[in-house]
Amino acid sequence: MPALANGPARRTEAAIKAQNARWAHAFRRGDYAAIGHLYTKDGALLPPGGDRVTGNAAITAYFAKAYAGSRPGSVSFSNYEFYGDNQTVTEVSDVDVRDHDGKLQIHAKQILIFLKRGGVWKLHRDMWSSYAP
């Protein structure tokens, strides 16, 4: 797949970044159901050291359990690379997760695969691994 370039591809890149912003905003609110809805029906998390988590309800439950009892923090994405076309995009980026007080909890690299469904970009695969401490 070619890397995204100018023209319509810039709109695609902007749309993917907007989905990342929606994800981060939902995380800040502690709205894990909203996060689950950002994935395709058969979307999957591929967490480090854990089992595959498939489907909106399971993804919602994964994040609700992982952050149960904690106050919402923040997520930021950087160092983007995008590859794909107007239907499928792979994003390679870094992600930082901070707790409510701003302390870095996770610094990781990730690969996200987005599919366009009904004119909307949805996460289809979400895989990450932490950088060494």
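Trainee: What makes E1 and strand E2 (residues 53–54) a pair?
Mentor: E1 and E2 are joined by two bridges in the antiparallel sense. Two strands pair if DSSP finds at least two bridges between them, so E1 and E2 meet the cut-off. Within this pair, alanine 44 stands opposite threonine 54 in E2. The hairpin of E1 and E2 has six residues between the strands, and glycine 49 takes a positive phi near 65° there.

Trainee: What kind of model is this, and which residues and atoms count?
Mentor: The model is predicted: local features need pLDDT of at least 70, side-chain atom pairs count only at pLDDT 80 or more, and totals for chains, interfaces and linings use all residues. Residues are numbered from 1 along each chain as its sequence is written, and side-chain values use heavy atoms, leaving out hydrogens and water.

Trainee: How many helices and strands does the chain have, and what makes a run count as one?
Mentor: There are three helices and six strands. Both are DSSP runs numbered from the N terminus, with at least four residues (H or I) for a helix and at least two (E) for a strand. Along the sequence the pattern reads α-α-β-β-α-β-β-β-β.

Trainee: How do you know whether leucine 45 is buried or exposed?
Mentor: Leucine 45 has 0% relative accessibility, so it counts as buried; the cut-offs are under 20% for buried, over 50% for exposed and partly exposed in between (1.4 Å probe, protein chains only). Leucine 45 is found in strand E1, and its bridge partner in E6 is aspartate 126. Leaving aside neighbours within four places in sequence, leucine 45 is in contact (heavy atoms within 4.5 Å) with residues including Ile59, Phe63 and Trp128. Over the chain, 38% of the 133 residues count as buried.

Trainee: And asparagine 79: what makes it exposed?
Mentor: Asparagine 79 has 55% relative accessibility, so it counts as exposed. Its place is in strand E3.

Trainee: What is the phi of asparagine 79?
Mentor: The phi is positive, about 55°, although asparagine 79 is not a glycine. Most residues other than glycine have a negative phi.
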